[in-house]
Amino acid sequence: MATAVSTPTMDPNVSAFVSAKRKLFINGKFVDAASGKTFPTFNPATGEVLANVAEGDREDINRAVKAARAAFDTGAWSKMPTAQRGKLIWKLADLIEKYQEEFAQLESLDNGKPLKISRVADVPLTVEHMRYYAGWATKIEGNTIPLILRERSKFLAYTLREPIGVVGQIIPWNFPLLMAAWKLGPALAAGCTVILKPAEQTPLSALRLAELIQEAGFPDGVVNIVPGYGETAGAALSAHPDVDKIAFTGSTEVGKLILQAAAGNLKKVSLELGGKSPNIVLDDADLDSTIPGAASAIFFNHGQCCCAGSRLFVEKKIFDKVVDGVSQIAEKIQVKAGFEPDSDMGPLVSEEQMNKVCGYMESGISEGAKAVTGGARHGNKGYFVKPTVLVNTNDKMKVVQEEIFGPVVTAIPFSDPSEIVARANDTIYGLAAGVWTSDIKKAHSIAAKLRAGTVWINCYNIFDPALPFGGYKQSGWGREMGHEVLENYTEVKSVCAALD
């Protein structure tokens, strides 16, 4: 007889956290919004209110920028030795690890993702990311430069790499805690101060993180966390004249609005934006690994990944076998609330996102696409969508050209491998791509021609703090992670001194 598996009990600390009104974190203190307003965050598995959060607005952004400015210009952060700065970041990582179950549950409640995934992916990756950048705090350096037009013995020329200043960071809802770490880690290592605006759909883990920033002993004003809406708090942060830099992860559409807002003081901007990533399967690929890899490429995190392998190009000889295999995996995915132990895929983050994804599926089917599996909402409560495989598409359909940001893949056959790169590159995006083949020479040849910031060969969704991530074309500017991200948060100063 099968043993019943019980649903995990919510941690009492998590229950207490979501039941209390959550406040803004400004200048080292938790405060109400200046307007006194709050907004609800919803449990995507039920559609019910999960928590109430202070709604940051222009005045709150002003307060946060003032605090960050003081901490950067004259506060303890600007005078702190880099080794001490690194130790604080490491201490924060240790605290996240200490409370990893709380964070995993908050991510599952707020975002909808399966608890078993947030436990093994989101939270551990956050910890390692912060530790990686704790190490970088003591390793940011300049160079000495021999002048070529002057007698070298008469001049000393060198560069300094200095923190860019006050940074506004706007993060998305698909990996709330991890995206906060992607932004905070390198900015703090570089010596910047930060105003972080989490997505209004998923502010809870960032506010819990604020408590740990306070506990770790960061000086007041170094990190400020202001939840609110993009049109108000986000717009005010992007346009603020005392902010030196904006770092944004989200849609290409909003990224363009941020660029316009940032033009006022020509603040520096880095953008990690949308994608419509091609995943290319050649007929010599090992299908035992390729089929589950292609399914994971699109269905991981409910398809709510900017780099999701949403255009599956398969050589005709094996097209039916790959489509059948991916579809069988899709049909076995357990679509349930994130706290259910056997949940493989939770709900989408919001009703708005669910309706958007369903609208794309309806559009594709109305234009002649066929759903081999899925193609509709799952159930009638919460924001669940069935994992979907579409065939009979063409390269001009909206479902092929536009980012859906849900568990929907278009499977497209091709017959000439020499033409597939042009089709794969036929998009406004250039974030990621996948290539599956047993011919490593062919794999590297294709990878070299793909206009994408990341190309995975015989794998997908492999991330590492040391590996840069970002996009070509309208997928963004700059890179996250690796040492390259430090260029987003530093300025280079040249110094030239006459020696006689």
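Me: Contact here means heavy atoms within 4.5 Å. Among contacts in the protein chain between residues at least 6 apart in sequence, what percentage joins residues at least 24 apart?
Reply: This is a predicted model, in which local features need pLDDT of at least 70, side-chain atom pairs count only at pLDDT 80 or more, and totals for chains, interfaces and linings use all residues. Residues are numbered from 1 along each chain as its sequence is written, and side-chain values use heavy atoms, with hydrogens and water left out. Of the contacts between residues at least 6 apart in sequence, the share joining residues at least 24 apart is 73%.

Me: How many helices and strands does the protein chain have?
Reply: Helices (H or I, at least four residues) and strands (E, at least two) are DSSP runs, numbered from the N terminus. By that assignment the protein chain has 16 helices and 21 strands.

Me: What percentage of the 500 residues of the protein chain counts as buried?
Reply: Buried means under 20% relative accessible area, exposed over 50%, and partly exposed in between (1.4 Å probe, protein chains only). For the 500 residues of the protein chain, the buried share is 56%.

Me: Which residues of strand E12 point the other way from Arg311, Phe313 and Glu315?
Reply: In a regular strand the side chains alternate between the two faces of the sheet. Strand E12 covers residues 311–315, and five of its five residues are buried. Opposite Arg311, Phe313 and Glu315 point Leu312 and Val314.

Me: Which residue in E12 is the bridge partner of Asn279?
Reply: Two strands pair if DSSP finds at least two bridges between them. Strand E11 (residues 278–281) runs parallel to E12, and four bridges join them. In E12, the partner of Asn279 is Leu312.
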